[in-house]
Every structure is written in structure tokens, then in C-alpha cells.
Amino acid sequence: MTIGVTASMLLLSLGANAQTTGLGLKGNKSSYEMLAPMKLTPAERKAKLAESIAKHPLLHKRLVPQTAKRDSLVRLNRNIEAGIKTKQAPSLPILRANDEKAKTLWGNVLFDNSWGAETPEYGMYSFSTETPIKVKKQFLDDFFRATGAGAWIEDDLYFVMYQNFWGVDVIYLYHYDTKTWEKKLEKRLENYSLVAIETAVANDGTVYGCFLDADGTYNELGVVDYATESRTTIGRLRHSYVAMGITSDNVLYGIAEDGNLYKIDTQTAEEVVVGSTGKQLTKADGSYFYQSGEIDQTTNTFYWDCVDNNQQSTLYTVNLTTGQLTEVGQFANNNIISLLTIPKAKAADNAPAAVEQIDFDFTGGSLTGNVCFTAPTKQFDGNNLTDSKLTYTILNGKEEIATGETTPGAKVSQQVTLNKGYNTITVIVSNANGASPKCASRYYAGFDTPKSVGNAQTSVNANTGKATVTWEAPAGGKNDGYLGELTYDIKRYPEGKVVKTGHVGTTFEETLPEGETTVYGYGITPSNNGTKGDEIVTNYVAYGDPITPPFYNGFDAKYDLAYFTVMDADNDGKTWSLKEADMFNGYDGYAQILRGEEKHSFNDWLITPALKVKANHKYNISFRLSGLYKYYEEQFEVKYGSAPTVEGMNKTLMPQTTIKRSDFETVTLTLEADKDEVIYLGFHALSVLGEAMGVKIDDINVTAGVDNLAPDQVTELNVEADPQGTLSTKISFTAPTKTLNGNTLDNITGFQLRRTGKVVAEIPAAAPGAKVEYTDNTPVNGVNVYSVAAVNEKGASFYCTPVAVYVGEDSPTTPVKANTETNTNSVRFNWNAPEKGIHGGYLNPEKLTYTLAESDGSDYKPTYTPVGNTVGKTYFDLDVNPNDGAEQTVKTLFINAANDYGSSAYIPLPSYIQGKPYDIPFSASVKNYMFYGILWAAWGTGKSDF
């Protein structure tokens, strides 16, 4: 069905005469953004809504009647989780072009006075121009609400759903296939540019509309392509158009909220009044009810489902010369309708029927081949074609790529050249009476992108170091297109080194480099004549010689677990696994063992790679350990031995210990080697049935060995940054008096200063027990972490507990707001400079730049438009007469502070009143619990909803 459609926007207000419809929230909305309004008090929610209305008044003018459905957030979320079931009535027959029956229209019904408060039936309906006008269900869905306009073009229906939930804007784009009513797209939009008050579809499929700008602050005439989610702007509009339509000769008309008919220039957006419709649409507060219109391009008749300010819903035709209305009839259930749609015939009765099937005859990956089809033998009305000659046109998208002549029933094979990738090929057959309906088919031309390889595996021969990589060839192309002879690019990870390109076959071998144990995995990328598929990375395997400590593993990379031997000693299928870094764990991965749904006990080992230790040396071993829940008593121990097996774990470092906590705690152990040997450390979860829920471990660290006769650790490390921001620190500490094994320390040959993990200085020798001072003149601007080790002829001690300090100039915290002064021709904003940076570091007040800005957007995603800035000063004069303006409004500017090292958040400065003072005598009245036209200020304690 070829359909042109317009739609209007339901912009919801929460005044006394309006009611919200359902929120329609979806999964890619952040939970904080959706739940935040629910945590506010009623008064706070009203304030948030009032702020949203003030920022985006155009988004809050549309109303639906108070008896419309009162959706709750909980109910809608429950429907989403359960999967909303759609209901579909029999499809409506398409009227023939020469049918003399009453006109049939379609639309999205948003209100029906027969609906119950909790049982609305949103969806697409049809209705006849016969009176009384009654709507008939065609397709129903709880989220089928075109509140931000849309377009129905052939078999594709697009619409935007806009809602405001107590100040939070939610905008979604939907796409339906109207042949099957399958939902093809449901996507969250991040700005207002696709939200329209009304649209009109031209004969060539161009969609014009009265759209909001990206910030939602004003109306503009634009052209939208919903398929690509893009829109262009023609010009700004002075009016909001409740109904629009475009004639067969491309003249655009619209009925504005003032009740006048306008002609709108599609090149310049100029609006020329044609005449008054005589209808009063707006209520006293400027709001108006939702409605829409459309022009029947076969007769250029403008249909308008009008809802006046008394909520009377009537179908009219509009005289395009005068604006005069002719009543068609009133809606029996006072319906409010969007997406007003006028069905069009796909073809004239005696035009050819559509081609039934398109075939493609292309060799290999060639872009040149034949489009094949059989010419129809029937007319569109089902009678036999009597023509001796037919013509055909072949389109690729909208581009004509071939034409020709044929006869009814003839087989056509037309050579064409296509573009690489997907091509949408359409065949149209014509006779003297007109063109057939379109027959379209998609075809992928050229060499297709191969699917990923399957079952990719890496294994290593521990004796020879030979790595063998195997995989299965891709199962086809991503687009079911042509695959030639595939080659493969092979990359070795984690270093990401390309080890082979253009490899033929599905096995690759290489000998790994010698050295300490590391892990290896391989990425396999298939290539189809240069068109590459997605890379698949194999499993990682460990290979190499024993590691001489230090050794550290933070489980932050996906291959970190491959360093370890994992043993499921109880063979219950529950054992150690990697919890990758993500937003839920602060992007800090760890290893874990979880019980799962069924009860299990734990008997599972996580064993390090081989570590080479030296006789008479001590090694500090630390790790962070946690249970899953603090109410369960997990059991854990640490052992070591000469083999990565259960039997090999025969020496105890930490005896069986109870863990009853859900947050990480650092455990530090010391291992003393009595001989040169290779050992393995084993971390053993052995919780009992009923208590085993989960254990987590992270940041396993084994320090370099320290000789027993080396110095003990230094103590009393203190680091002070220069208070004026110079890149310098003063360091002091106390030298040890004992060796590591507790004997008297005879001498110290020096100290190693480590800064942020790297030795940066050798500090001269000092006597045991001496107070040592040192100045570091090379720290970086930012956080520096210091530790110190004492050195003698036996080597360095363990490093002392590190100290972190911020050095240099800091990024500023927010300014401290003071007051706002209004003068005759200016407004002065005053504030105090922040005293410290966000890390407690030095700030140079003379180098601070303060930016004053206006705020837009939601509270959760605000945007700021600068209006001025100043450097070093703590005041700003805004050149404005505070008494200018027809109406008084509250003006608030926001301020932030910045320097070369960062910027603070924006905070509001004290507000001021902008606008002409009220005349005396002064009076105000209350209507529907609201003040109209008068600016009032209210103060309260915030302890009540009043």
C-alpha cells in the first residue's frame, strides 16, 4: 500500500485539565535517570516539571483529556519485561483509484471516550467519512503512540514517541513493516530534532514537517529521512502547526494553533496566511488538544480531524483558497487521532499487475550480471492483459539503472551493474494505463564480508614451545553473498603482533619465543578477496620459564586468568573464573568462584605459574580477598609446593581461615625460602555445603626476594608537596636499625627512592636509625606515590608502605557563590574563589578563568551556553537592563572555574528578576489552582509538599 501521512505531537502537560499518558521507558535509559523522579517528593516533582516546561514550552502545549489512561512506571516496566502482546484486526482493503465509495482514512487513536482509565487501546484504526464517524481497530500495541509525528510511506511506518516524566524527556523512534506489523526498530533518541508537531508526505516520498530544533526550543520547517534518522532544516517557523498537508503539485499547507490556514514555502519556510478556519483551538493557558490533518493528493482535498478548545472532535475538509471549513462529521467517541492517513491505490485497475519475483544471475563476485523476471499476464484488477507491448523500468534504490520493452508473460534478463554491497532492486512494468505496483528485492553484489571463523583453539607443546592454532572456516557471508577462496590474517596476542597475512588453510603453527612465562592467544581474521570479516581471538595458553619475582596479576585483562592453573577438585562444574572489568565492579576485574543456583561446596584451586625463589630470601605475598555475602562463612587457605597439582600443594602459607565479609580486605603473607627452588602458590576455596556462596580474589602480588641480611624496612616516611605549587617534594624517613632477620644492622650503603612504581633516585648512605631528608625536584604535576628501600651489600630491603601526595597546581573546585546585584543597565554577579583544588592541591587564583553560562537540557544531562568569562576576578558585569522585557521571568546564570589542569562543575549563581515591573495598582487571581501571567516567588523550609 502506498500511503502518505501526517502526524501531530502529543506534548503532555500536568495541569488540572490534562493527564499524562504512559511513559514508555526502554532499556537503554539509565536506571538513575528513570528512577530519580520517583525518589522526589510531590513538591519536588512538580518543581522539576515546572522547570522543564519553562525550558521547553513548545513541548508542553499538547493535551489529551483527563480521562485518558493514567499509566504508572511500574506497570509499564512490567509490560516490557513480560513482552507486550499486540492485537491485530483484519486488514482493511485498499480502495481503488476510481472507487466511488465513501473515503476511508487511517490514524493512530490516542483517545476514545469508551476506553476505561486502565484499558486504553492505542494503535492504528480506520474510519469512513460516512457519519457518524466510528473508528475500527486495525493494529494495537501499548506503545503505539505517535506523539512526536511520523510518516507512512508504502509499507514502512515510522513515528516518534515523546514523553516527559516529571522533567525527564524520553524520545523513541519506531519503525513498523505494515505488511506484517512487525516492529523493525525501537530506538532511543538523544535530542529533539526528529520530534515534530506535524508532518506531510509529498508524492515523491519527501517528508516535510514542523519540527523542533535539536534543543527543543523553537519550531522549524524541515525534511526528515526516518530510515537514516537524519533531518535537514529549511528555516525557522513562527507558528506551531496542528495539521499539515501537501498537494499533488507540492504546495504545503498548515493549520496553526491560532486557527488560521497558512501556505508554507518549501524552499524558504515563509508562512503566508490564507484565511481563518473560524476554529478556536487554544485554551486560556495557551494549551491545545492533539490533532492532525492530511491532503488527499488525488483530489487535493485537505482533511482535518479537528479538536477545538472545548474538546469537540470533528472531521472537516478545508478550502485551500479561503480556509473555510466543511463539516464531514463528528467522531462518535470524540476520538483524538494522530498520523492521519489517506490510503492510495497501488495502481490503476487496468495497469499491469506487479512482477511476482526477481532473480539475480551474477557470476562469482562480479558487480555486473542480469536481473531476471517474468512480465505479468494480468491487470491490477485481475483481468487478463490485452496489451501487445509493455515497458519496464529497473531501479536501484531511487536511481534508474535500466529500461526496456517486453510482452505479457515474457521472461526478461536485463544486464545491469550494481554497487558493492546491498542493492534494493525494484521492477515496475507499465502500459498505456499506468504503472504496475512495485516489486522489490534486495541483493548483495560483490564479494561478501565473511562471517567469523569457528572453534578457534590454541595449544602449546610445553617441551618444544610449538604453538598450534586451528579453526573452522566461516559458515558463509554475513549477507548470504558470494565467498571466494578465503585467506586469513593471524595476530599474536597480547602484544598484538601480526605473524602472518594471507594464510591459506585452517591450521597455523609457530615456535614461541623463549623467556619467562607469559600467555599467548591468536586472533584470526578471514579475508574474502580483500573484504575482511571480524577477528576471533582463541583461548590463551601459558608458556615459558619460571618467573623470578616480582610477579603481579590484577585480573584486569581477559587473558590474566590464563597464567593460572584452575582445578575443579570436586568435579562439580563450579570453579574459578574471571569476572571481567566493567561498570558494575568499578572497572576492576577479579577472579571468583560462585555457587550458582544449586547448593555446592567448594574444593577448587587457583595456582600461580612457576616462581623461582632463592635460598635465605623472604618474599612478601599480598592479595585482596572477599566473600560474596557477609552472612556466610566461606573457608579459604593458601598453600605452596613444587607442582601445580593437589598433591603438590603440601606446605601451608595461610591456614584454613573463615571469610565473613562482602568487601575486599588485603591479606599479606611472608614466604621464606630455605633453598633455591621452583614453587607454585595455591589459593584454595574450600567452603562447606550450605555456607559456600562465592569467593573473590584480586591483585595477587609477589615481591622481589629480599636477603635475610639485607636491611629491614625504613619507617616514618613523610612527603610534603611545595605549598606554592612548585614541582618539588620534601621527603623524610627514619633508616632501619635491624636486618631483615632481626640482627643488628651494621651499615647502610644508600636508599632507593621509588616514585609511582619506578626508581627515580639513589639517596646517599646514612647511619642506621638516622633521620634522612631528601628533596625530589622531578615529580609530575599530579598524584605521585613514594616509597623507599634501604640498601646494603646484601641488596635492597622491602619497600616501605607507600605515601601518595598531589604535587603542583591542581584543578579547581567550584567557586563559592555570594550574591547578585541588579543595577540600571547591568547585573553584577559576585562569588568567592575556591581555596583548594579537587585533590587538595595548590590553586593560583590569578590564573583561574570563570565562565558564566545559561543552562539548557535536563537536570541529568544539562548543557551550558557561555555568556561571558573573566580571568582572576571574582565578579562579572552582564550588560543587560533588568527592567527590559514584557513579562517578568527568573534568570539564573551558572558558573564554573577552570585552569590549565581542569575545570569544575557548573553551579548556579543567585538569580535575579528580568522584566518590566508590574504596574500599580496590582492584582492577581487564581484559576485552576494556578497563577496566570504573574511571576510569584515562593520560599519554604522544604519540609512539606506545600
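Visitor: What makes T317 the partner of Y303?

Guide: T317, in strand 22, is the bridge partner of Y303. The model is predicted, with local features needing pLDDT of at least 70 and side-chain atom pairs counting only at pLDDT 80 or more, while totals for chains, interfaces and linings use all residues. Residues are numbered from 1 along each chain as its sequence is written, and side-chain values use heavy atoms, leaving out hydrogens and water.

Visitor: How do you know that strand 21 and strand 22 pair?

Guide: Two strands pair if DSSP finds at least two bridges between them. Strand 21 (residues 301-307) and strand 22 (residues 313-318) are joined by 6 bridges, so they meet the definition of a pair. They run antiparallel. A strand here is a DSSP run (E, at least two residues), numbered from the N terminus.

Visitor: Why are strand 20 and strand 23 called edge strands?

Guide: The open sheet has 4 strands in the order 20-21-22-23, with antiparallel pairing. Strand 20 (292-296) and strand 23 (325-330) each pair on one side only.

Visitor: What makes the second largest pocket a pocket, and which residues lie nearest its centre?

Guide: A pocket is an open set of points on a 1 Å grid over the protein atoms alone, where a 1.4 Å probe fits, with protein on both sides within 12 Å along at least five of seven lines; lining residues have an atom within 4 Å of a point. The second largest pocket is lined by 46 residues, with I153, E154, D155, D156 and K438 nearest its centre. Strand 32 gives the largest share of the lining, 4 residues.
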